[in-house]
Structure formats: structure tokens, C-alpha cells
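Work through the exercises below with the model open. Each task is followed by its solution.

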Amino acid sequence: MRSCLDAPVLDLYAGAGFLGIEALSHGAPGVDFVERDRAACDVIRRNLATLEISAGARVLCLPAERAIRRLHGPYGLCFVDPPYREDATAVAEAVVHMGILAPTALVLWRHPRSRPAPEALGTLARRDTRRYGDAVLETYRLVLGDPPPGQDESAP
């Protein structure tokens with residue numbers, strides 16, 4: 001069965017890089033970390049070096065809006081975890097429209113309840129919603145067609 005971790009991972013608004021580092025520890029072949037804060041980028045690099053997993057990682061220390069123009073994919077998993085007050089809708093939609101997601105990709109988007117996410121992102125539809133206090137985690141997956149043979153639609 002194919003997994004969303006069979007392809008590289010995109011960690012937008014990476015912060016200290018915990019989500020992407022976790023993906024690397026679970027076998028992702030690579031992670032592109034996107035973070036605009038220089039101090040946070042340094043933390044990501046130090047964490048990667050300490051864990052000796054730098055080879056599969058690239059840190060783009062740029063705002064997500066600029067960094068996405070440098071991305072190539074295809075990504076099997078995309079984390080969208082912006083700072084609490086930032087609206088990431090335009091960035092998430094751009095990632096989908098750029099065609100850099102693998103056909104079986106998942107997009108996981110965390111946002112505050114007060115800033116709802118759209119039902120769909122281009123060809124991706126919301127498949128799951130989880131609420132944790134004031135935070136919401138949305139899962140998006142391809143709308144058109146059935147999942148590839150042998151892949152359960154609900155499996156990450």
C-alpha cells in the first residue's frame with residue numbers, strides 16, 4: 001500500500017520543524033521546511049544536524065508566499081500550520097494549483113476555529129475535520145477518481 005510518506009513532505013510555516021522532522025523519522029524520503037523566521041530556521045538546521053537527518057532535508061528561510069515558487073515536488077504530504085493570526089488560504093490554494101502534490105497527497109491544515117478553511121482547495125476536498133480546543137485540523141485529499149488500487153481512501 002502506498003503511503004503519503006513515500007514521497008517528500010512539504011512543511012509550510014515550519015516553526016521549529018517538528019512536523020517535518022517527525023515525517024523524516026517515519027521514513028519520508030525528504031522534507032522541504034518553509035519558515036520565514038531566521039532564528040526558527042537555525043533551530044530546524046540544528047535539530048536536523050543533532051538527529052543526523054540533514055541529508056533528506058532542505059530549509060527555505062523565506063515567507064511561504066515567496067518560497068512556494070521554488071518548490072518542485074511532488075509532495076505526498078503537505079503540512080499547513082501558519083501562525084495563529086495568519087490566513088494561509090492563498091498559500092494552500094497556490095500549492096494545489098501549482099501541481100506539486102502527488103496524486104495521492106494529503107494536505108493537513110491547522111487553523112483557528114474563528115478562521116474557517118474552505119471546503120475544497122482546487123481538486124482537493126476536505127475529508128476530515130478534528131477540533132482541539134480553539135484549533136481545527138482539516139485533512140484534504142484528491143476529489144476526482146477513486147484512490148489507486150490497494151489504497152484505502154482514509155489511510156494517510
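**Exercise 1.** Decide whether D32 is buried or exposed, then find its charged partner.

*Solution.* Start with accessibility in this predicted model. D32 has a relative accessibility of 12%. The cut-off for buried is under 20%, so D32 counts as buried. Next, look for the partner. The side chain of D32 forms a salt bridge with that of R58, at 3.0 Å from N to O. R58 is partly exposed, with 32% relative accessible area. D32 belongs to strand β2 and R58 to strand β3. They are 26 residues apart, and the bridge links distant parts of the chain.

**Exercise 2.** Identify which parts of the chain the salt bridge between R36 and E86 ties together.

*Solution.* First, the contact: the two side chains meet at 3.0 Å, N to O. Then the locations. R36 sits in the loop between β2 and α2, and E86 in the loop between β4 (75-80) and α4 (89-97), so the bridge ties together parts 50 residues apart in sequence. Last, accessibility. R36 is partly exposed at 48%. E86, at 16%, counts as buried.

**Exercise 3.** Work out how the buried and exposed residues are arranged on helix α2.

*Solution.* Take the helix itself first. α2 runs over residues 38-50, 13 residues in total. From first C-alpha to last it reaches 18 Å, close to the 18 Å expected. Now list the buried positions: A40, C41, I44 and L48. Viewed down the helix axis, they fall within an arc of 105°, so they line one face of α2. On the other side, R38, R46 and T50 are exposed. Then ask what covers the buried residues. The cover includes α1 (18-25), β2 (31-34) and β3 (57-60).

Key
Residues numbered from 1 in each chain as written. Predicted model: local features only at pLDDT ≥ 70, side-chain atom pairs only at ≥ 80, totals over all residues. Heavy atoms only, no water. Helix = DSSP H or I, 4+ residues; strand = E, 2+ residues; numbered from the N terminus. Expected span 1.5 Å × (residues − 1). Buried < 20%, exposed > 50% of the residue type's maximum accessible area, 1.4 Å probe, protein only. Arc of directions from axis to C-beta. Contact = heavy atoms within 4.5 Å. Salt bridge = Lys/Arg side-chain N within 4 Å of Asp/Glu carboxyl O.
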